[in-house]
Amino acid sequence: MSDVSHVIRVRAVVRGRVQGVGFRYATLARARMLGAVGWVRNLPFGEVEVEVQGSPEVVENLIEWLHVGPRSAVVTDVRVTPATVDPDADTFMIR
């Protein structure tokens, strides 16, 4: 991601039934399909944390998707906060 002038990064914490339902793998697939970079991981108390970076349109698209998630998930809340752009980020991964 060489041109960071039109790139944003956000952190999202997703709550609900989001662990044990394929949420991380579905997020990985959706993010890669969109061309986003960043990561997704489970948190200790049942939430999923996502950092996503890309164009504003790409980031917004993934955030909208996080409100629904994969078919077996039940999302009750998504908290989004700004994050610092990582100019070296070049892929989306599961942590």
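Predicted model: local features only at pLDDT ≥ 70, side-chain atom pairs only at ≥ 80, totals over all residues.
Glu49 is located in strand β3, which spans residues 48–54. With a relative accessible area of 4%, Glu49 falls under the 20% limit and is therefore classed as buried. The side chain of Glu49 makes polar contacts with two arginine side chains: one with Arg11 at 2.5 Å, and one with Arg41 at 2.6 Å.

Glu57 belongs to helix α2, which covers residues 56–66. The relative accessible area of Glu57 is 60%, over the 50% limit, so this residue counts as exposed. Between Glu57 and Ile94 there are 22 Å in space, C-alpha to C-alpha, at a separation of 37 residues in sequence.

One aromatic pair is present in the structure. The pair is formed by Phe23 and Trp65, with a centre-to-centre distance of 5.8 Å and an angle of 50° between the planes, and is tilted. Phe23 lies in helix α1 (residues 23–34) and Trp65 in helix α2, so that the pair links parts of the chain that are distant, 42 residues apart. Phe23 has a relative accessibility of 1% and is buried. Trp65 is likewise buried, because its relative accessible area of 12% is under 20%. Helix α2 thus contains both the exposed Glu57 and the buried Trp65.

Conventions
Residues numbered from 1 in each chain as written. Heavy atoms only, no water. Helix = DSSP H or I, 4+ residues; strand = E, 2+ residues; numbered from the N terminus. Buried < 20%, exposed > 50% of the residue type's maximum accessible area, 1.4 Å probe, protein only. Polar contact = N/O pair within 3.5 Å; in protein donor to acceptor, adjacent residues only side chain to side chain. Phe/Tyr/Trp six-rings, centres within 6.5 Å; stacked < 30°, edge-to-face > 60°.
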